[in-house]
Amino acid sequence: MVSRVFAPLFFIVLGAVVNASPLASPEAIALSGLTKRQCAQTYTVVGGDTCAAIESKTGVSDAQLHQLNPSINSGCTNLQIGQSLCLSGGGSGGGGCSRTYTVVSGDTCAAIESKTGVSDASLHAQNPAINSGCTNLQIGQILCVSGGGGGGGGGTTFTAIASFYDPDGGIGACGSVLQNSDFIVALGEDTWANGAHCGETVTVSFNGASVSVIVADRCPGCNSLHGANSIDLSQGAIAALDPNFENDGIITVQWTLF
C-alpha cells in the first residue's frame, strides 16, 4: 500500500470488480436507517452484491435476510449500493453483537480465535452459520466475536498521525482487493504484528467525528514518516473524518485497537 501523503513507498495493483445499481434511494436509506436502530449487526451493500452473495458473506439465511429487511423485493432485484441491511435483530436485550470481525484471505477458525481471543465454542455459538469443520468461511464475511475474551475490554488507544492513500483496486497486505471508498486502515510496522490484526475493527476519532475501519493493509513507511503508532487511512475513511482532508494532508487522531 502506498500513502498519498509524503510517500515513495511500495505495494500495489490488481484489478477490481465492481458493478451494481446507483446510490440508494432516499426511501431505502430511510428504511435502512430505521432497521439499523434495532439491529445488532448490519451490512452495507457494495457493487456486484446479490442476496445470495450477501448471505454467503454474512452467514444469514435467505428467509432471515428478507424478514429483517422487508424493503428487499421477492426477486432481490432492488438492492442499492450504500444501502444498509440488517443481519441480526435484537433491540436492547443483550443478544446483540458488540464486536465484529471481518474474514480475510487465509483465515481459519483457529486463526480468528487467536486474533480475537474468543474460544472455539464461543465463535461457533455466536456464528451458527459456520459449519463444524469451519470449511465455509468467506472473505468479507462478518462474524460476531463479542464476549469470550477478557470481559469488559476497551482495547488500546493511541494518539498518532493519520495520513491517507488510494488502494485503487490493489491487493492489501491482508490479502483482499481494496477500493478507495472502502473503510480500511493500513497499520504501521510498530502495530502491524505480522498481520495479526488483519480483519479486526479499529475505531478512529478526529474532532468529534468517529469511524470504524477494518485492518486490511500494512504501511511500511508510516513510522519513519509520521512517528510511532501512525496509520494510513483509505480516502473513503479519512473523508468521513475530515471533509478538508485533501488540504490538511495529515491529521492527529485517536485510534483504538481491540
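Predicted model: local features only at pLDDT ≥ 70, side-chain atom pairs only at ≥ 80, totals over all residues.
Residues are numbered from 1 along each chain as its sequence is written, and side-chain values use heavy atoms, with hydrogens and water left out.

Which residue forms a salt bridge with Arg-218? The partner is Glu-189, and the closest N and O atoms are 2.7 Å apart. A salt bridge here is a side-chain nitrogen of Lys or Arg within 4 Å of a carboxyl oxygen of Asp or Glu. This pair links distant parts of the chain, since Arg-218 sits in strand 8 (residues 209-219) and Glu-189 in helix 6, 29 residues apart. Helices (H or I, at least four residues) and strands (E, at least two) are DSSP runs, numbered from the N terminus. Glu-189 is partly exposed too, with a relative accessible area of 35%.

## The other salt bridge

By this rule, the count comes to 2 salt bridges. Asp-107 and Lys-115 form one of them, with 3.1 Å between the closest N and O atoms. Asp-107 is buried, having a relative accessible area of 13%. Side chains of opposite charge can pair when their charged atoms come close.

## Inside one loop

Now let's visit the loop between helix 5 and strand 4, where Ile-130 is found. Ile-130 is buried, at a relative accessible area of 6%. What is Ile-130 in contact with, leaving aside its neighbours within four places in sequence? Its contacts (heavy atoms within 4.5 Å) are Cys-109, Leu-123, His-124, Asn-136, Leu-137 and Leu-143. Thr-58 lies 72 residues from Ile-130 along the chain, and their C-alpha atoms are separated by 10.0 Å.

Cys-134 also has its place in the loop between helix 5 (120-126) and strand 4 (142-144). With 15% relative accessibility, Cys-134 counts as buried.

Most residues other than glycine have a negative phi. Cys-134, though, has a positive phi, near 55°. Asn-194 likewise has a positive phi near 55°.

Is Asn-194 buried or exposed? At 79% relative accessibility, Asn-194 counts as exposed. Asn-194 is found in the loop between helix 6 (189-192) and strand 7 (201-206).

Terms used. Buried < 20%, exposed > 50% of the residue type's maximum accessible area, 1.4 Å probe, protein only.
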